[in-house]
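Have the chain open beside you as you read.

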Amino acid sequence: MVGLEDIVAKVEKYHPNDDLEVIRRAYAFSAKEHRGQVRQSGEPYLNHPLAVAKILAEMKLDAACVSVGFLHDVVEDTLTPIEKIKEYFGNDIAQIVNGLTKISRFQFDSKEEQQAENFRKMFLAMVDDIRVVLVKLADRLHNMRTLQYLPAEKRLRIAQETMEIYAPIAHRLGMGKIRGELEDLAFSYLEPEAYQEIEKGIESKRKVKEEFLEEVKEIISQKLQEHEIPCTVESRIKRIYSVYQKIKRQKIPIEQVYDLMAVRIITGTVRDCYGTLGIIHNLWRPVPGRIKDFIAIPRPNMYQSLHTSVIGPQGQPFEVQIRTMEMHRIAEEGIAAHWKYKTGRGLDEKDDQRFLWLRHLVEWQQDMQDPSDFLSTLKIDLYPEEVYAFTPKGKVIILPRDATAVDFAYSIHTEVGHTCVGAKVNGRIVPLKSKLKNGDIVEIQTQVGHTPSRDWLSFVRTSRARNKIKHFINVSQRERSIEIGKKILEKEARKFKVNLKKLVEEGQLLKAAPEYGCTKLEDVYSALGFGKLSARVLLGKLVPQEELKEVPDERITKFTSAVKKVFGISSDATIQVKGINDLMVYRAKCCNPIRGEEIVGYITRGKGVAVHAKRCANVGNLLYEADRKIDVQWTGAGEDSYAVKLSISVDDRQGMLAEITSTISDIKTNIKNIEAQSFEDHQGMIHVTIEISDLKHLERAVNSIKKIKGVNEIAWQ
């Protein structure tokens, strides 16, 4: 059981001048407001605020922040208004609590929209006071530690959100310790079998590896003592999720993970760090390409350290990290290690770079209305940067892995990106979609009057580049759609001899706009131009039916049939546009969505509504025109079957193919086609096309195949 006075003592140790009484008052207030409430585990709810406050105290945060640990759920989970928090604890604490309180008192169309709005609120609050997210991370950490008491579906949802949002936020703030625990806890629920397998592999060799590391530490300590370099030498075995990532990315066995074991050397000065690196390389042979200098070029979260991998005694590879004590504190605790509460909020100059990403995040999120677009872009933006490129003048540009010359151009300036026509990397002309590597010197070539290409959306990696390109295309496409929409409506009005000019001047057209989700005439014209709205239906709302004579036009019917025949399109009866049942709808061939999947509609020109699965790689590129997106839903009884191709990465061993076909047969699933390939290093790939009825059927098949020993990864389309 966490003790209140233990928490107070921790805060007093690092913040002796703080008002410690506010912590005791916050505890008493929380105990009163949460009285009678229990958690899913059956324990009193108060145990959760106590645990969160303890985590914050261990992060060496101030009394106000630790007090919020006690109060963070009061407004959301009780009838206490935020005004009462402000009255009892002041504006400073009340603002942090408000920034943490979810938006639950409004109606949202979906859980996704509510989740997006909650993140928007949190990020805006972070700009004012970073303590908002520090408390949120502590809250999420304790919830992950006690996740086992929740229902299975909720566990998976929270674990996924933790892996995609909260662990990357902790990384961006340099909080390596919390990030590592969040990732491991989330991984244990998302991939329990992989987690247990790696944990078992590490634990089976832990004793031997720890003995090896103790021997190495002793050698290093003696050698550095001889050179009069004061140091502390620590050791660690890599975290389970980090091992999994490396194995999956590089497709190697656990034995080939060079940094599975690591020695950390903490010295007094930067000069000692580089001196130590030379001594280590004289002791053991370094692994080529494994030396990284994050002191000269810190990571965006201000992480600094020297990394090298060496071949130690008995040919055993291990990693060595060398840093000063200050670097070590920042690596472990990030922004919490040196946060200064001079005025209770705001950033000092040293923190400026650390929060550059946050300012960009707040800038682009304000223009994003679509919640799924916001969340997907957020997840991309939160991933750690890994490529360090240079301008010809030597300025460092930090980009995500697989970033291209176009990403580089937009990171310099929006206009440089828009007018980009070519690029030179290390003096050589390269295609704009070329992926950049560490150390590349990039020179962007521009041309006045040039505009972005929609094709760039298929390869850019940064949210900044993607959003700037989307915005430019949206503006230009909207102008075109408004022009087309006007012509369509005018043509339809002439056909039925309707005085359109009079309808516009009298404001009748504008009055009908809200019914179709439009606020301005331009929105109505745009909807008509994109095909989201029928000109015939719109006129029917404005003019009495007796004045509109419906005359079937056989030429139009024949033309529509011809279009369907040419493009091989037939309207899919199992899917329809929400609220409209007469639009031609078909499943996109690139992703072949199946019943039960989340789907999204995209209005095509002359071919109806293409329906994509949300997982489809093309969705992000197609939906840059927000006006073309349309809500669709599954309908009907669900008796159709779907052909799905599974690509299964496996260990190349005898009997593997037979086991897979037998497993598929056991779950009453028909195999339409199967192919197998063998590669080097005893690896193989099996492509099997199966017939399934819906998403649950597919998940059952995939989960059954995953249980086969030697199955590494499964992708499907």
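## The sheet and its helix

Four strands form an open sheet in the order β19-β20-β18-β21, with antiparallel pairing (two strands pair if DSSP finds at least two bridges between them; strands are DSSP runs of E with at least two residues, helices runs of H or I with at least four, numbered from the N terminus). The edges belong to β19 and β21, each with a single partner strand, so one side of each has no neighbour in the sheet. On average, neighbouring strands are turned by 20° against each other, direction ignored. This is a predicted model, in which local features need pLDDT of at least 70 and side-chain atom pairs count only at pLDDT 80 or more, while totals for chains, interfaces and linings use all residues. Residues are numbered from 1 along each chain as its sequence is written, and side-chain values use heavy atoms, without hydrogens and water.

| Strand | Residues |
|---|---|
| β18 | 642-651 |
| β19 | 670-678 |
| β20 | 683-692 |
| β21 | 711-716 |

Strands β18 and β20 pair in the antiparallel sense over 10 bridges, and Val 644 has Ile 690 in β20 as its bridge partner. Helix α28 (residues 695-706) lies across β18, β20 and β21, at about 160° to β21 (axes are lines fitted to C-alpha atoms, for helices over the stretch in contact, with angles from 0 to 180 degrees between N-to-C directions).

How do α11 and α12 cross, and at roughly what angle? The axes of α11 (residues 176-190) and α12 (residues 192-226) come within 5 Å and cross at roughly 120°. The two helices are therefore oblique to each other (angles under 35 degrees count as roughly parallel, over 145 as roughly antiparallel, 65 to 115 as roughly perpendicular and the rest as oblique).

Notes. Contact means heavy atoms within 4.5 Å.
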